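Hi,

Here is the structure I promised to pass on. Have a look at it first, and then read my notes below.

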Amino acid sequence: MSIKLEVLPYAYDALEPYFDNATMTIHHQRHHQTYVDNFNKAVSGTVLENKNMEEILQEISKHSPAIRNNGGGHYNHSLFWETLSPQPKANPEGKLLEAIKSTFGGVEQLKAEINKAGLSQFGSGWSWLAVNFNGRLMVIATANQDNPLMDTNLFSRGFPILGVDVWEHAYYLKYQNKRADYLDAFWSVLDWSVIEKKYEEALQKIS
Ligand code: MN3
């Protein structure tokens with residue numbers, strides 16, 4: 001499968017003042033584009049050209065570091081962009097809210113867990129909310145461009161429904177070393193309506 005960089009559904013400056021124009025532009029046009037280009041190079045002429053990304057990531061242990069890093073990079077950033085919005089739904093409702101309450105106690109507790117996972121990720125990586133293969137919500141952090149789908153996660157695999165990029169390239173221009181401030185700002189541009197939809201889709205994949 002040859003992949004391409006999708007245009008963002010909002011302008012690069014639309015998430016100001018939380019995510020700044022320069023970071024968004026470079027993050028999308030250069031970082032994400034590089035994952036796309038390197039993934040395409042790595043799969044060119046192989047059987048992976050005919051597989052979808054979720055299938056590839058679910059058996060990533062069979063594949064090269066180039067596929068893992070760049071396939072993960074493309075998948076993770078696509079999910080990240082999709083869940084951000086200049087007019088976000090500020091709070092989850094319905095089934096997702098019920099699951100958050102029963103698993104974490106409430107939305108504030110969940111946010112604190114995701115922030116903590118993001119802050120304690122040493123070096124580059126991601127903090128995730130995912131639905132494990134038993135249908136339960138979980139928070140995990142992964143290194144580099146790994147994600148919860150990958151079979152290299154021995155203890156906590158699942159379908160990611162929310163991810164925060166904690167690579168320095170995601171925040172350094174505006175927040176410098178203050179990763180915690182960036183994580184706080186993330187919640188102001190996260191669109192919970194997308195997470196609700198992804199939660200339903202994940203439950204359907206499991207059932
Ligand atoms: Mn990134």
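The manganese ion has four protein residues around it as donors: His27 (NE2), His77 (NE2), Asp165 (OD) and His169 (NE2), lying 1.9 to 2.1 Å from it. Donors here are N, O and S atoms within 2.8 Å of the metal (3.2 Å for Na, K and Ca), and water is not among the atoms, so sites may look incomplete. Along the sequence, the donor residues follow the spacing H-x49-H-x87-D-x3-H. His27 sits in helix H1 (residues 21-43) and His77 in helix H3 (residues 65-82), so this pair ties together parts that are 50 residues apart in sequence. Both His27 and His77 are buried (buried means under 20% relative accessible area, exposed over 50%, partly exposed in between, with a 1.4 Å probe and protein chains only).

Before you go on, keep in mind that this is a predicted model, where local features need pLDDT of at least 70, side-chain atom pairs count only at pLDDT 80 or more, and totals for chains, interfaces and linings use all residues. Residues are numbered from 1 along each chain as its sequence is written, and side-chain values use heavy atoms, with hydrogens and water left out.

Now for the whole chain. The protein chain has 8 helices and 3 strands, and from the N terminus on they run α-α-α-α-α-β-β-β-α-α-α. (Helices are DSSP runs of H or I with at least four residues, strands are runs of E with at least two, and both are numbered from the N terminus.) The radius of gyration is 16 Å, close to the 17 Å that the globule rule gives for 207 residues, so the chain is as compact as a globular protein of that length. That radius is taken over C-alpha atoms, and the rule is 2.2 Å times the number of residues to the power 0.38. Buried residues make up 49% of the 207 residues.

Where do the buried residues of H7 pack? They pack against H3, helix H5 (107-120), strand E3 (158-165), helix H6 (172-175) and helix H8 (192-206), with contact meaning heavy atoms within 4.5 Å. Helix H7 itself covers residues 179-189, and its buried residues include Tyr182, Phe186 and Trp187.

The C-alpha atoms of Gln87 and Thr142 are separated by 28 Å, and the two residues are 55 residues apart along the chain.

Cheers
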